[in-house]
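Here's a quick briefing to read with the model open beside you.

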Amino acid sequence: MGRGYANNMLDHLQEIFITLSKNKLRTTLTGLSVSWGIFILIILLGAGNGLKNGVTSNFSERAVNRVNLWSGSTSMPYQGLKSGRNLPFSEKELNVIDNEVQQSELITPRTQTNQTVSFGSEYGAYDIYGVMPAYRDIYKLEIGIGRFINELDVKEENKVIVIDKKVEDVLFKGKSALGQYVKVGQVMFKVVGVNTKKERWGSTAGYIPFSTAQLIFNPNKKFNQIAFTVNGLDTKEKNEKFAESLRRLMGRSLNFDPQDKQALWIDNAQADYLETIKIFGAITLFVTIIGILTLIAGVVGVSNIMLVSVKERTREIGIRKAIGAPSSSIIKSIILESIIITAIFGYIGMILGIGLTELINYIMEQSANAQASADGPQMSIFKNPTVNLGYVYFSTFVLIVAGVVAGYLPARKAVKVKPIEAMRQE
Amino acid sequence: MITLRNLHKSYHTEAISLHVLKGINMDIEAGEYVSIMGASGSGKSTLLNILGILDTYDEGEYLLNGTLIKNLGEKQAAHYRNEMIGFVFQSFNLINFKNAMENVALPLYYKNVSRKKRNLIAMEHLDRMGLKDWAHHMPNELSGGQKQRVAIARAMISNPKIILADEPTGALDSKTTEDVMNVLTELNKTGITTIIVTHEQSVAAATNRIIHLKDGMIEYETRRDTRPGVSTTEPVMHASPNPSDRGESETEILINNKP
């Protein structure tokens, strides 16, 4: 006695570590079930998160509340008009949506023409879109260099163009395109900006003011795409109702039967997003349930081994009691043992699990970068499969508690057995 | 040292109630060398458990060194065990994942003696048992006699006043039995009260006082006078004295317990 408490504690810990290391099989089995539980949990949560992050990232490429309208041709006769009429949009429809659709916010038409774009001796055939300034936000373009089309460009029908990075790469061979003039068809356009967004979906293109496009490439003033963002459509029902009323509205403007699905194509990303959110809910629930089940399996495993090991140690406990160990000291040792095992092996499982998810993440990022520089569209369904550490700590904590409870209950019972009887157990 | 007065003990199970000790009266002085004999079921192990504060009793009194051992808390019981009593068991009861030295040192762990110091003390005790060279061997590498000597060293390390041995030679051959009994006898000569539960006549013969139990009562008792010059065995009477024989050999005197 008369020694420091810390010193004393150290001796106790040393004694526990000796016990653990001398009973390797028992320690390893208990530890493995803990490590494995935590490991699987992390992998599962990581996979769930990766799936979620992957799909979400695809949506973040565009505004999720975006509605795209494409013109079609009628498939039903309507008010004396025959079917099979092409119904391209005009500025009238643009105004109808802007003024009469309450939910609409940003809006842009899009004319589309394929033109040869050249700079010096370099040339390529690209889609040229005539758009409004809002296009940038609706399609989430990233103008890394220069600026996008602005209101003044539209008002003054400026011959300015914003080109995709890949177009710049082809035409300018790594030099900056900003301020240079390119020839689009037969007309010279000044490059005012470059879209540096890593385009996963579409083709390489150039963007010019809507008014300029109408003037130069679109003599009949007709176009076949309108994109706009909507607000407040947060349920499936609202989206369905919205689509219906939109169809009626456009039907009035363009003269077609609102029932005629081919006269107008509506692509509602918001509705798709809501659907996907629902699927996420299901995925999250699924992963959570599996996680909980894994945790329960871990708890059962730890408890079982603790139960067996305490039972196996009845004799040892009896001996310790007979030579003067108070029950409290024995229980304390057993609980400390289980805490140490679950904590250490839980930590190992955590390191391995996080290590694996990070490794997968690293490999995927590498291949994503490699793909980004290659041609062709790509889509990720799996991204950043990492786990919220909070869950991991919580799971480890749960296993530690399970280990303590599973150690305490049989230990309490075991120390109540009379030493002589305990020691007679062979 | 040990005083038992009208000690009763019953075991209760769901089906039956077993009256194991039926009024034991016993006085053991400090330094005595006692054996307790009796058939199985006579209550001798129960009596040893109670003496070792490993079990409780229902009625009567047990005074250990003047202290009434009754209704002790778990901690107190452990404390008295640790301070007063060393146990030696038939099956040695060494912890099989600790080597001889660690086994001997274990009681001192519960007395908060530092590892270094308790290992040192353990080595001294092993040396005394002639097992210094075996200190780092695991129990499964030791012979029966060696194991029992390790167990005795462990019992001795906390300097107990009393050694309680439950069939200490039950698992040993005759030669080893003799060795172990010599060790116990030597310990007794250093002044430690030694109480041995045995069913072997030869073991009991080594002690100075033999208490015979039958059906939870002391049937009779024989005592060997160890005073110098007196080599006879002197019968001791308990209830109604009824001396009948005082021969040269060990004598057993029936004590009339029956009304």
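Q79(A) sits in the loop between β1 (66-71) and α3 (91-100) of chain A; helices here are DSSP runs of H or I with at least four residues, strands are E runs of at least two, and both are numbered from the N terminus. This is a predicted model, where local features need pLDDT of at least 70, side-chain atom pairs count only at pLDDT 80 or more, and totals for chains, interfaces and linings use all residues; side-chain values use heavy atoms, with hydrogens and water left out. Residues are numbered from 1 along each chain as its sequence is written, while chains are lettered from A and ligands numbered from 1 in the order in which they are written.

- Q79(A) has a phi near 50°, a positive value in a residue other than glycine.
- Buried or exposed, then, for Q79(A)? Q79(A) is exposed, at a relative accessible area of 61% (buried is under 20%, exposed over 50%, partly exposed in between, with a 1.4 Å probe and protein chains only).
- K173(A) also has a positive phi near 50° without being a glycine, and its loop runs between α6 (165-172) and β6 (181-184) of chain A.
- K173(A) counts as exposed, with 56% relative accessibility.

**Confidence in chain A**
- The mean pLDDT of chain A is 82, and 91% of the residues score at least 70 (pLDDT is the predictor's confidence in each residue, from 0 to 100).

**Aromatic pairs**
- How many aromatic pairs are there over all chains? The count comes to 12, where rings of Phe, Tyr and Trp (its six-membered ring) pair if their centres lie within 6.5 Å, with planes under 30 degrees apart called stacked, over 60 edge-to-face and the rest tilted.
- One of them is the tilted pair of F148(A) and Y207(A), 6.0 Å centre to centre with 55° between the planes.
- F148(A) lies in the loop between β4 (143-146) and α5 (151-156) of chain A and Y207(A) in strand β8 of chain A, so this pair ties together parts 59 residues apart in sequence.
- F148(A) is buried, with a relative accessible area of 4%, and Y207(A) is buried at 4% relative accessibility.
- Over in chain B, Y109(B) and Y110(B) make an edge-to-face pair, 4.9 Å centre to centre and 70° between the planes.
- Y109(B) is buried at 3% relative accessibility, and Y110(B) is buried with a relative accessible area of 13%.

**Cluster and charges over rings in chain A**
- Ring pairs link Y129(A), Y135(A), Y139(A), F148(A) and Y207(A) into a cluster.
- The charged end of R66(A) sits over the ring of Y139(A), 5.4 Å from its centre (the rule: NZ of Lys or CZ of Arg within 6 Å of the ring centre and within 35 degrees of the ring normal).
- R110(A) lies over the face of Y129(A), 3.8 Å from the ring centre.

**Strand β8 of chain B**
- In strand β8 (residues 193-197) of chain B, 5 of its 5 residues are buried.
- T193(B), I195(B) and V197(B) are buried on one side of β8(B), and T194(B) and I196(B) on the other.
- Strand β3 (residues 33-38) of chain B runs parallel to β8(B), joined by 4 bridges (strands pair if DSSP finds at least two bridges between them), and Y33(B) stands opposite T194(B).
- Strand β7 (residues 162-166) of chain B pairs with β8(B) in the parallel sense over 5 bridges, with A165(B) opposite I196(B).
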